[in-house]
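Let's take a walk through a protein chain together, one piece at a time. Keep the picture beside you as you read.

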Amino acid sequence: MVPFPEHHRSGAGGADFLGQLGNPVELELGAELLKEVKTKKVYIPGEHDWYLDMGKAWERMFGAPYWSFDHKGVRFIGLDTISHAKDFWTIRKMTPQERMGHMATLDGTLGGAWAAVGPEQLAWLDRTLSSWPKDKPVVIFSHNPLFDYYAPWNFWVRDWREVNEILKRHDNVTSVHGHVHQVLYHEIGKMRSIGMLATSWPWPYAPKGVPKLTKCMVRVDPGDYFDGVGWSALGMNSASKVDNEYVMWRKDVYATATADSGCGDNRNQVLHPRLADAEPPPITGSVK
Amino acid sequence: MTRQIWIPAGAALAVLCFVAFQAAAHKDKHTPEQLKVFEEVFLEQVRIGDLLFHGDADTQKKMGVQLSRTGMSCAMCHPFASDVHPHEFPKFQEQIGKFSTLRDMINWCIEKPNEGVKLDSDSDAMKALEAYIYWSNRGSKLEPGTH
């Protein structure tokens, strides 16, 4: 129902590039591909859509970055979790391309904890939900997870506790999020969170904080562009709960054996943040 | 005849090595300044490797290497050099179909997903990539041979 035009293979500029960096040509191509989907479409932005022109082209093409509507007794909400990065580019006199480069680097350190909902949108969310009965279903779409998974890769929003304060008034909330490019499932109180696969490439599970409720996805074959990517079929069942079925090009989405599971190969992996992109100012010694 | 020449030549070399080794041997305790220099030499390679791993165009140009032709850098799939598992090498690597080192697999990923130009296995760029990968995974337990 809600496609995520986060990444796609694009032939923009004559090159066969994977992924997109907010170039209007790339956004147009994404919109073009999504024309195939004939139902009503609503969109939320990802960071790759935004930081070239601070969302101008995206908003012109796809509308407001956050919204709400009701459908068959469900309140649907779209949140913008990506546009609140703190300005690291002005004092460094960066070009828009350089700014996007840093924002689009998952393990970049300059962007910092950029994912957030922000006070204005929180107030809006509060108002939007105050008129909705406590026991009726709410489905929320956001790019980043609405819980704390692994902050260094922004697998969270930094104000997730405030978001949760508002959402916990409701008995039946499902959060559907992107950004993690992996099978992910989590519950906080009554809120369930479901992570979406990417259509571009998969990401390894983070070294810390994988939710206990996650059934781990398979390890991926790096020689096959179509491996580890896919989509989801989401539906509301008769008990008003969201069912999710992951679909990959390969048959088995999950694996439990250590040698085959994407969590298994994390069991002994200690990782460290980068040095090279934090300059200037120069850093000496090791950074933990 | 030749043998008689070779033996003294070998001995001379051994003496030479001994003299050189004495000069560089650990007879004196290390000063903090010395240790700092050692660390800086290492971290410089880590930084270069970090830039290569993250697809930095200038660094690749300077070193005359092309690690990718798809617009993808290593780090896009391996944030913080995760899932590279340097501590699990050497091992039998399915993709290559034989017993492989970390360097073999770095080259495989350059050629396969990245469609780049593989590195000479002893090149500066390869050593720098290796330095960054090990540095970023430090603290992981050595488990050679693990899939």
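Start at the hairpin of S3(A) and S4(A): two residues lie between the strands, and Lys72(A) takes a positive phi near 45° there. Strands, like helices, are DSSP runs numbered from the N terminus, with at least two residues (E) for a strand and at least four (H or I) for a helix. Before going on, please note that this is a predicted model, in which local features need pLDDT of at least 70 and side-chain atom pairs count only at pLDDT 80 or more, while totals for chains, interfaces and linings use all residues. Residues are numbered from 1 along each chain as its sequence is written, chains are lettered from A and ligands numbered from 1 in the order in which they are written, and side-chain values use heavy atoms, leaving out hydrogens and water.

Two strands count as paired if DSSP finds at least two bridges between them. Here His71(A) stands opposite Val74(A) in S4(A).

Now look to the other neighbour of this strand. S4 (residues 74–78) and S5 (residues 138–142) of chain A pair in the parallel sense, over four bridges. Ile77(A) has Ile140(A) as its bridge partner in S5(A), and Gly78(A) stands opposite Phe141(A).

Step back, and these strands belong to an open sheet of six with mixed pairing, in the order S3-S4-S5-S6-S8-S7 of chain A. At its edges are S3 (67–71) and S7 (184–188) of chain A, each pairing on one side only.

Is S4(A) enclosed or open? Five of its five residues are buried, so S4(A) is largely enclosed by the rest of the structure; buried means under 20% relative accessible area, exposed means over 50%, and partly exposed lies in between (1.4 Å probe, protein chains only). Both faces are covered, with Val74(A), Phe76(A) and Gly78(A) on one side and Arg75(A) and Ile77(A) on the other.

Phe226(A) sits in the loop between strand S8 (191–195) and strand S9 (230–236) of chain A. With a relative accessible area of 45%, Phe226(A) is partly exposed.
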